[in-house]
Amino acid sequence: MADLKAFAEQLVNLTVKEVNELAQILKDEYGIEPAAAAVAVAAPAAGDGPAAAEEKTAFDVILKEAGGQKLAVVKLVKDLTGLGLKEAKDLVDGAPKELKAGVTKDEAEALKKQLEEAGAVVEVK
């Protein structure tokens with residue numbers, strides 16, 4: 001089996017143009033419609049003027065601090081990110097840290113709400 005960590009690293013480092021090309025290849029050659037990637041990539045390119053360029057389609061969720069309920073926040077970060085317990089604890093301990101990058105506005109707001117309910121301080125950029 002391929003080295004999935006190396007593959008994930010390659011995917012994370014793709015440029016917007018490369019992501020768009022990948023989405024087109026997946027659609028044309030494999031019949032897979034990568035809706036989330038296509039929306040995030042195609043929306044900024046579709047506009048004609050500065051108003052379209054100003055509209056933000058991808059947001060980053062930043063964990064500023066764990067707050068008073070650190071254990072609850074670590075468990076929630078583990079569930080939300082799919083990280084192991086140690087990795088989630090390290091992420092929370094290293095705050096401020098980026099929790100998720102390039103998510104939709106709705107997903108970013110949902111993550112923020114869940115984390116704040118657990119006691120964390122969160123910022124969406």
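Reply: Of the chain's 125 residues, 19% count as buried, where buried means under 20% relative accessible area, exposed over 50% and partly exposed in between (1.4 Å probe, protein chains only). This is a predicted model, in which local features need pLDDT of at least 70 and side-chain atom pairs count only at pLDDT 80 or more, while totals for chains, interfaces and linings use all residues. Residues are numbered from 1 along each chain as its sequence is written, and side-chain values use heavy atoms, with hydrogens and water left out.

The chain holds seven helices and three strands, arranged along the sequence as α-α-α-α-β-α-α-β-α-β; helices (H or I, at least four residues) and strands (E, at least two) are DSSP runs, numbered from the N terminus. Among contacts (heavy atoms within 4.5 Å) between residues at least 6 apart in sequence, 62% join residues at least 24 apart.

Val73, Val74, Leu76, Val77 and Leu80 of H5 are buried. Seen down the axis of H5, these buried residues fall within an arc of 165 degrees, so they line one face of the helix; the arc is that of the directions from the helix axis to the C-beta atoms. Leu71 and Asp79, on the other side of H5, are exposed. The cover over the buried residues of H5 includes strand S1 (59–65), helix H6 (85–93), strand S2 (97–103) and helix H7 (105–117).

With H6, helix H5 packs at an angle of about 120 degrees, the axes lying 8 Å apart. Axes are lines fitted to C-alpha atoms, for helices over the stretch in contact, and angles run from 0 to 180 degrees between N-to-C directions. The contact is made by Lys70, Val73, Val74, Val77 and Lys78 of H5 and by Leu85, Ala88, Lys89, Leu91, Val92 and Asp93 of H6.

Thr81 also belongs to H5 and, at 25% relative accessibility, counts as partly exposed. Leaving aside neighbours within four places in sequence, Thr81 is in contact with Leu99 and Lys100. Thr81 and Leu99 are 18 residues apart in sequence, and their C-alpha atoms are 7.6 Å apart in space. Just after H5, Gly82 takes a positive phi of about 80 degrees.
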